Amino acid sequence: MGTRMTEYTQRTHTTKLTSMRTELRLPRESPLVEQGSADAPAIAGMPLLRLLQLSSPALPIGAFAYSQGLEQAVALAWVTDEASAQTWILGLLSGGVACLDLPVMVRLFRAFEREDLSAAEGWSGFLLASRSSEELQMEDRHLGTALARVLDGLGVAGAARWIGSQIATHATLFALAAVRWQVPLPTALAAFSFTWTEAQVGAATRLCPLGQQAAQRILSLALPAMDAAAAAALALEDDDIGSTAPAQAIASALHETLYSRLCRS
């Protein structure tokens, strides 16, 4: 079963990335996919420094405690080494983050720009409801409310109302901070992708376990997919938003009863 799941995730990852390139009319070796978008706005000074702070693994929101089903995938031997960890992480990046988190974050960013709280709450609730297990919902809500507390402590306008919210998500508060700190949307999307991928690579490093060089290779190989995902999110229509990650859903549901575990998801 582990082999079949790995093969399925690999096929999903390949199909999603191909679809992104096709929809954007990009050749396989497009500069946007392989070298970064030349159209991305420049960022420097305080917006850059604030973005680095927002993306830092030292941000006290508890992301270290979660694996998003990866711990269960390791327990089931779906993920056992560098190659399978790479397949798992890139599959979720293209089948989940690129098709759900990032396009919703686009809409959250624009809602906060317009000061449209109703729209922001609607999309945040949609994102939370799209999580495929109770653990994944609890994780996203925890990260969102924890980031709200951090941002409120830093004086970010509008963060306080999300501290006790039942529909807060990580992407919601990330988008709010990006708007308040004048971070361009494409750059914020890329940074969110990197933050998510880095957390997954960190979890794989602890759980497989992987060596540090192997972890950096996976992270480096994921960079073009992050760039493609951010570009695709800007073009995705509302009706096309949604995650395709059945293996993660199964792993996350099973993780709720895993006897011995290091992670909360």
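**Salt bridges and packed helices**

Let's start with one contact. R131 and D140 join their side chains in a salt bridge, 2.9 Å from N to O. Keep in mind that this is a predicted model. Both partners lie inside. R131 has 17% relative accessibility, so it counts as buried. D140, at 7%, is buried too. D101 joins them: D101, R131 and D140 form a network of salt bridges.

How many salt bridges does the structure hold? Six. Here are two others.

D238 pairs with R107, with the closest N and O atoms 2.6 Å apart. This pair links distant parts of the chain, 131 residues apart: D238 sits in the loop between α10 and α11, R107 in helix α5. D238 is partly exposed at 43%, while R107 is buried at 13%.

R180 pairs with E115, closest N and O atoms 3.3 Å apart. R180 is in helix α8, and E115 is in the loop between α5 and α6, 65 residues away. E115 is exposed at 58% relative accessibility.

Now the helices. α5, residues 82–113, packs with α6, residues 117–129, at about 165°, axes 8 Å apart. That angle makes α5 roughly antiparallel to α6. The crossing is left-handed. On the α5 side, the contact includes L100, D101 and R107; on the α6 side, W123 and F126 are among the residues. By class, the contact has 10 nonpolar, one polar and two charged residues.

Last, α8, residues 170–180. Of its 11 residues, 10 are buried, so the rest of the structure largely encloses this helix. The cover includes α3, α5, α6, α7 and α9. Just after α8, Q182 has a positive phi of about 60°.

Note on methods:
Residues numbered from 1 in each chain as written. Predicted model: local features only at pLDDT ≥ 70, side-chain atom pairs only at ≥ 80, totals over all residues. Heavy atoms only, no water. Axes fitted to C-alpha atoms, helices over the stretch in contact; angles between N-to-C directions. Helix = DSSP H or I, 4+ residues; strand = E, 2+ residues; numbered from the N terminus. Parallel < 35°, antiparallel > 145°, perpendicular 65-115°, else oblique. Left-handed = near helix turned anticlockwise from the far one by under 90°. Contact = heavy atoms within 4.5 Å. Nonpolar A, V, L, I, M, F, W, Y, C, P; charged D, E, K, R; others polar. Buried < 20%, exposed > 50% of the residue type's maximum accessible area, 1.4 Å probe, protein only. Salt bridge = Lys/Arg side-chain N within 4 Å of Asp/Glu carboxyl O.
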